[in-house]
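This briefing covers one structure, shown below. The notes after it are grouped by topic.

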Amino acid sequence: MADTYSQIYIHIVFAVKGRNNLISKNWKDELYKYITGIITNEGQKLLAINGMADHIHIFIGLKPTATLSNIVRDIKANSSKFINDKKWIAGKFEWQQGFGAFSYSYSQLPNVISYIQNQEEHHKTKTFREEYIEFLKLYNVDFKNEFIFENV
């Protein structure tokens, strides 16, 4: 798109199916590099990526021609296949259905990047469920507790 300029920053959050602690510290960096490649190949700009054993945070600069749902679908599908092909876990690895996506302004970039880079510190005092519900409330997103997380 000629003469199209945008500034769209999206923080994406999603969990391992059943919120199981399956993402190992031994291979999470390789997984993050793979996901970085997916995002780059989609023509998007990765600003930060990190997570815990049961979930992941991805912060991107989103192009106006992109569809967020398609990007997340591609990240989940390709990274699941990557993990399964590597046989990093016993059984089949899957991401949970759905995701959270939260927008930020340019001035908030350093804070969001720092937040994502310091996940281990944040989760010493807060569970993923608490963190996620806090995001939903902060952004005034209507939700029902029974539908936020799958139990299987």
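Ile 148 lies in helix α6, where helices are DSSP runs of H or I of at least four residues, and strands are runs of E of at least two, numbered from the N terminus. This is a predicted model: local features need pLDDT of at least 70, side-chain atom pairs count only at pLDDT 80 or more, and totals for chains, interfaces and linings use all residues. Residues are numbered from 1 along each chain as its sequence is written, and side-chain values use heavy atoms, with hydrogens and water left out.

- Ile 148 is buried because its relative accessible area is 13%; buried means under 20%, exposed over 50% and partly exposed in between, with a 1.4 Å probe and protein chains only.
- Ile 148 touches Gln 96, Tyr 132, Ile 133, Leu 136 and Phe 143, not counting residues up to four places away in sequence; contact means heavy atoms within 4.5 Å.
- The C-alpha atoms of Ile 148 and Phe 99 are separated by 9.4 Å, with the two residues 49 apart along the chain.
- Helix α5 covers residues 128–138, and its buried residues include Tyr 132, Ile 133, Phe 135 and Leu 136.

- Leu 31 touches Ile 23, Ser 79, Phe 82, Ile 83 and Trp 88, leaving out residues up to four places away in sequence.

**How α1 meets α2**

- The axes of α1 and α2 come within 10 Å and cross at roughly 140 degrees; axes are lines fitted to C-alpha atoms, for helices over the stretch in contact, and angles run from 0 to 180 degrees between N-to-C directions.
- The two helices, α1 and α2, are therefore oblique to each other; angles under 35 degrees count as roughly parallel, over 145 as roughly antiparallel, 65 to 115 as roughly perpendicular and the rest as oblique.
- On the α1 side the contact includes Glu 30, Leu 31, Tyr 34 and Ile 35, and on the α2 side it includes Asp 74, Ile 75, Asn 78 and Ser 79.
- Asp 74 is found in helix α2 (residues 68–86) and is buried, with a relative accessible area of 18%.
- Asp 74 touches Ile 38, Glu 42 and Ser 79, not counting residues up to four places away in sequence.

**Positive phi**

- Most residues other than glycine have a negative phi.
- Arg 19 has a positive phi of about 55 degrees although it is not a glycine.
- Arg 19 is found in the loop between β1 and α1, and counts as partly exposed because its relative accessibility is 27%.
- Asn 140, also not a glycine, has a positive phi of about 55 degrees.
- Asn 140 lies in the loop between α5 and α6 (145–148), and is exposed, with a relative accessible area of 67%.
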